[in-house]
Amino acid sequence: MLNKSIAELSHSLQAKKISSHELTQFFLERIKKLDPQLNSFITVTEQQALDAAKKADAQLAQGKAGPLTGIPIAQKDIFCTLGVKTSCGSKMLDNFISPYDATVIKRFNEAGMVMLGKTNMDEFAMGSSNENSYYGSVKNPWNVEYVPGGSSGGSAAAVAASLAPVATGTDTGGSIRQPAALCGISGIKPTYGRISRYGMIAFASSLDQGGLFAKSAEDLAWVLNTMAGFDENDSTSANIAVPDYTNTLNDSLKGLRIGLPKEFFSDALDKDIGNAIQTAIKVYEKLGATFHEINLPNTSLSIPAYYVIAPAECSSNLARFDGVRYGHRCEDPKDLEDLYKRSRSEGFGKEVTRRIMIGTYALSAGYYDAYYIKAQKIRRLVADDFRKAFKSVDVILGPTTPSPAFKLGEKTSDPISMYLSDIYTIAVNLAGLPGMSIPAGFTKGLPIGMQLIGNAFAEARLLNVAHAYQKETDWHTKTPEGF
Amino acid sequence: MEWEIVIGLEVHAQLSTQSKIFSGASTAFGAEPNTQACAIDLGFPGVLPVLNAEVVNMAIKLGLGINAEIAKRSVFARKNYFYPDLPKGYQISQFELPVVGKGYLDILLDDGTTKRIGITRAHLEEDAGKSLHEDFNGMSGIDLNRAGTPLLEIVSEPDMRSAKEAIAYLKTLHSLVRYLGICDGNMQEGSFRCDANVSLRRKGDSKFGTRTELKNINSFRFVERAIMYEVERQMAILEDGGKINQETRLYDSAKNETRPMRSKEEANDYRYFPDPDLLPLLITEEQIAKVRSELPELPQQKHQRFKEVYGLSAYDATVLVSSRAMADYFETAVAASGNQAKLTANWVTGELSAALNKSDMEITSSPVSAEELGKLVLRIADNTISGKIAKTIFESLWNKEGDVDHIIEKQGLKQVTDSSAIEALIEKILAANPQQVADYRSGKDKLFGFFVGQAMKESGGKLNPKQLNDLLKEKLTSGS
């Protein structure tokens with residue numbers, strides 16, 4: 001059951017070679033045994049998982065099963081799950097049991113998938129190392145002294161360590177692609193609007209997008225088929241038909257035009273990562289793709305723009321956590337102001353507090369034009385860069401991160417250097433485009449991620465391009481020792 | 001010193017939709033606390049707003065009703081502030097780009113002239129919940145039933161120069177939103193709320209003085225009182241050479257005073273920015289044309305028609321069109337009265353309105369139907385009864401004693417118009433009062449009223465008054 005693709009698991013379930021109960025039990029046991037080393041789960045929903053597996057087995061027995069019926073999945077603890085603690089990695093929501101299911105959770109449940117539990121994450125999805133969690137940092141399975149990346153570090157580590165075959169994540173500035181790269185697995189952040197945000201606790205609404213981690217592009221395609229689609233409860237959801245992503249996985253890459261953004265290959269890029277990308281380019285050339293240098297001149301502006309827009313939206317999105325209706329409330333508040341101040345100071349961690357303050361400042365009277373409006377203008381320029389680029393290329397390729405995983409604690413005192421680890425991923429969120437990270441090698445025992453960026457709603461093409469590479473290479477089949 | 005009063009009004013009209021502006025929860029008034037608030041209204045983690053399409057049509061209706069430009073593209077913005085009855089920590093409103101732009105309303109002044117009051121804008125927003133400050137074990141309670149109720153905030157220009165003008169504007173707007181069917185106008189329940197911006201300046205000055213904003217004014221009467229109080233207060237300060245603080249003041253109707261809530265310095269920085277959860281609101285020409293084609297006749301058009309078609313005075317027309325129900329009642333009654341427009345108007349605005357007021361009833365639940373009132377007017381016009389007798393019959397109609405003709409028949413109230421019968425009665429009276437006849441004939445003209453009174457008394461008030469007058473004069477004169 002270990003290292004089997006989702007397609008293989010699905011066939012085995014349909015053929016009754018294994019039961020969902022066995023499969024679920026298998027992963028629950030791995031979690032129990034191995035997760036103490038990683039801390040990738042905040043909540044393991046053992047009983048619910050076994051109940052869901054039983055239901056799935058009944059459906060399989062009746063021949064009423066779909067392709068994902070009985071397949072286990074781990075959910076990032078940012079998605080609201082009915083009757084289950086949904087903490088968002090924060091003390092603020094440590095006592096919060098969601099009264100409803102997020103739309104994507106509903107979709108997975110209806111498809112018969114089995115939720116194993118809720119994965120660890122940077123508090124409110126703010127962070128690039130998963131060290132900002134109220135529940136402690138997550139360790140990278142490739143070396144437990146290193147970070148798994150963030151903010152979806154728990155999901156990435158869980159999939160890399162084969163504690164779950166697939167897991168959800170969210171990506172506001174790289175929170176799927178960066179941990180996928182650092183943990184040596186495949187991750188996809190679809191186009192903004194492709195995945196419903198209803199029930200996904202908001203960090204920065206105009207940038208947040210749900211997505212997936214798995215071992216391969218093919219696995220991602222199987223599960224994305226269920227996760228993607230229009231939701232009338234989300235006004236920013238795109239009412240565009242979802243293709244079957246598995247149909248085009250094996251399309252030929254002959255004549256495919258791949259763009260290499262000059263700005264992604266500066267001196268700041270780790271040498272080994274640069275070399276790994278060059279090697280990957282050769283693989284694609286062999287498959288018939290052509291490479292073209294492109295310019296994304298505003299890339300360097302995307303980090304400052306992002307760190308205005310995202311905190312601005314977060315300062316407003318997180319205002320609802322006030323200790324009045326749910327979540328953490330301080331002991332014996334003196335008055336209303338005391339209730340707000342202490343509940344919020346006690347409930348939020350340092351990074352969240354920092355971003356709320358930055359965002360509040362950026363939106364303040366007298367600063368709004370200089371910060372928020374300016375950042376929105378940059379955002380348009382960044383999007384224009386991509387629009388121009390996609391006139392001459394079909395897909396953009398480059399590194400996911402400038403360097404591999406760093407040591408726990410290495411960057412916690414230096415937020416700017418932490419923010420810079422998202423330099424290649426953030427622009428994609430500002431432009432609302434789909435992006436993926438797939439494994440492309442190793443440096444000093446740590447995985448290297450390669451990023452693929454597509455035009456809006458070109459997820460099928462991205463998965464096709466990633467799958468073609470994975471048929472030629474075996475980086476995605478490597479597993480960390482001990483897991 | 002002569003001071004000029006400058007008033008601008010901000011009206012919050014609660015739109016009469018079935019469900020809330022961004023969620024499917026009900027908007028019905030008066031339910032148990034927190035029973036009409038769903039996860040979206042409660043601002044739970046992860047929830048998202050979806051705009052109720054009906055509020056857009058209602059905003060378009062208002063825009064057309066105030067002759068305003070309707071924005072093809074408007075934007076929802078977040079107004080950020082902390083308050084326990086504001087679940088998300090921000091209110092979804094519109095800021096830079098409202099759905100309705102500049103428009104105006106013409107109001108009728110006491111002297112019969114009209115004045116045009118500019119409307120700056122109208123925008124859509126959600127209402128907050130309510131804080132209940134009675135003691136819940138030392139804490140305040142929060143009722144979020146009202147949270148997310150759709151509001152249209154209608155902001156006027158500072159064009160009003162007296163409390164009377166402010167009331168006239170408010171009543172005109174109140175009538176308009178009810179005609180349009182977009183707001184029930186119930187001020188007690190808070191469906192139609194008003195804040196007033198009041199300032200004073202020296203007569204002749206072109207610059208406005210510092211203004212205060214008066215809140216919590218929940219009836220027409222209080223609008224006038226609050227403004228009057230505030231004008232007096234500001235005038236006293238200015239006359240003493242003092243300065244007005246720009247501040248928000250609360251009107252206390254029990255004490256009839258305004259007192260400060262918060263000053264400009266303490267004012268919130270609302271940190272408005274476009275709500276990333278909602279797309280810009282796009283309205284097409286076709287959508288506007290469709291709403292326009294479905295608009296009812298509006299008060300101003302009706303006012304014009306009532307004057308032209310029925311020949312009514314501006315005053316009568318204003319009173320009759322003040323509510324759609326009263327205008328409809330009037331038109332039904334006129335049709336039944338054989339087109340006695342003026343007389344019908346008198347009865348609707350006079351006897352009927354007084355009776356309704358006295359019993360605190362709406363015209364829609366009047367015990368006297370429009371058809372019956374029209375019939376009553378018809379019977380006055382065709383001389384079946386006199387105006388005086390009609391009042392008695394009206395009372396019987398009010399008490400549901402039957403229809404007009406039935407009551408006339410049963411109570412024998414039919415007017416006597418037979419000249420010979422009237423003459424016979426006059427002869428009888430003159431014969432019984434020889435002294436008075438002699439006095440009259442020797443010049444005591446005032447005694448004419450005495451004979452009329454005697455005749456009416458004798459006949460039970462049923463004689464046609466004009467015939468009685470003519471014949472009586474004839475008899476008294478001819479006999480001399």
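Predicted model: local features only at pLDDT ≥ 70, side-chain atom pairs only at ≥ 80, totals over all residues.
Trainee: How many bridges join β3 and β4 of chain B, and which residues are partners?

Mentor: Strand β3 (residues 76-80) of chain B pairs with β4(B) over 5 bridges in the antiparallel sense. B:F76 has B:Q94 as its bridge partner in β4(B), and B:N80 has B:Y90.

Trainee: How many residues of β4(B) are buried?

Mentor: A residue is buried if 20 or more other C-beta atoms, placed from the backbone, lie within 10 Å of its own; it is exposed if 12 or fewer do, and partly exposed in between. By this criterion 4 of the 5 residues of β4(B) are buried, and the strand is mostly covered.

Trainee: Why is strand β3 of chain A described as largely enclosed?

Mentor: In β3 (residues 114-119) of chain A, 6 of the 6 residues are buried, so the strand is largely enclosed by the rest of the structure. Strand β1 (residues 41-44) of chain A runs antiparallel to β3(A) and is joined to it by 3 bridges; A:T43 has A:K118 as its bridge partner. Strand β2 (residues 72-76) of chain A pairs with β3(A) in the parallel sense, over 5 bridges, with A:P72 opposite A:V114.

Trainee: Which hand has the β-α-β unit made by β2(A), helix α4 and β3(A)?

Mentor: A crossover is right-handed if, with the strands pointing away from the viewer, the path from the first strand over the helix to the second runs clockwise. The unit of β2(A), helix α4 (residues 103-110) of chain A and β3(A) is right-handed.

Trainee: How does the radius of gyration of chain A agree with that of a compact globule?

Mentor: The radius of gyration is taken over C-alpha atoms, and the globule rule is 2.2 Å times the number of residues to the power 0.38. For 483 residues a compact globule would have a value near 23 Å, and the 21 Å of chain A agrees with this. The C-alpha trace of chain A spans about 65 × 55 × 45 Å along its principal axes. Chain A holds 15 helices and 11 strands, and 61% of its 483 residues count as buried.

Trainee: Where do the domains of chain A lie, and how many residues are in contact between them?

Mentor: Domain bounds come from an automatic or database domain assignment. For chain A the assignment gives domain 1 (6-252) and domain 2 (299-376), whose centres, taken over C-alpha atoms, are separated by 27 Å. Two residues are in contact if their C-beta atoms, placed from the backbone, lie within 7 Å. Domain 1 of chain A contributes 21 residues to the contact and domain 2 of chain A contributes 17.

Trainee: How many residues does each chain bring to the contact between chains A and B?

Mentor: Chain A brings 35 residues and chain B brings 25. The side of chain B that touches chain A has 16 nonpolar, 4 polar and 5 charged residues. Here Ala, Val, Leu, Ile, Met, Phe, Trp, Tyr, Cys and Pro count as nonpolar, Asp, Glu, Lys and Arg as charged, and the others, Gly among them, as polar.

Trainee: Is A:V324 buried or exposed?

Mentor: A:V324 is buried, with 22 other C-beta atoms within 10 Å. A:V324 is found in the loop between α9 (299-317) and α10 (336-347) of chain A. Neighbours within four places in sequence aside, A:V324 is in contact with B:P84 and B:I142.

Key. Residues numbered from 1 in each chain as written. Chains lettered and ligands numbered in written order. Helix = DSSP H or I, 4+ residues; strand = E, 2+ residues; numbered from the N terminus. Pairing = 2+ DSSP bridges.
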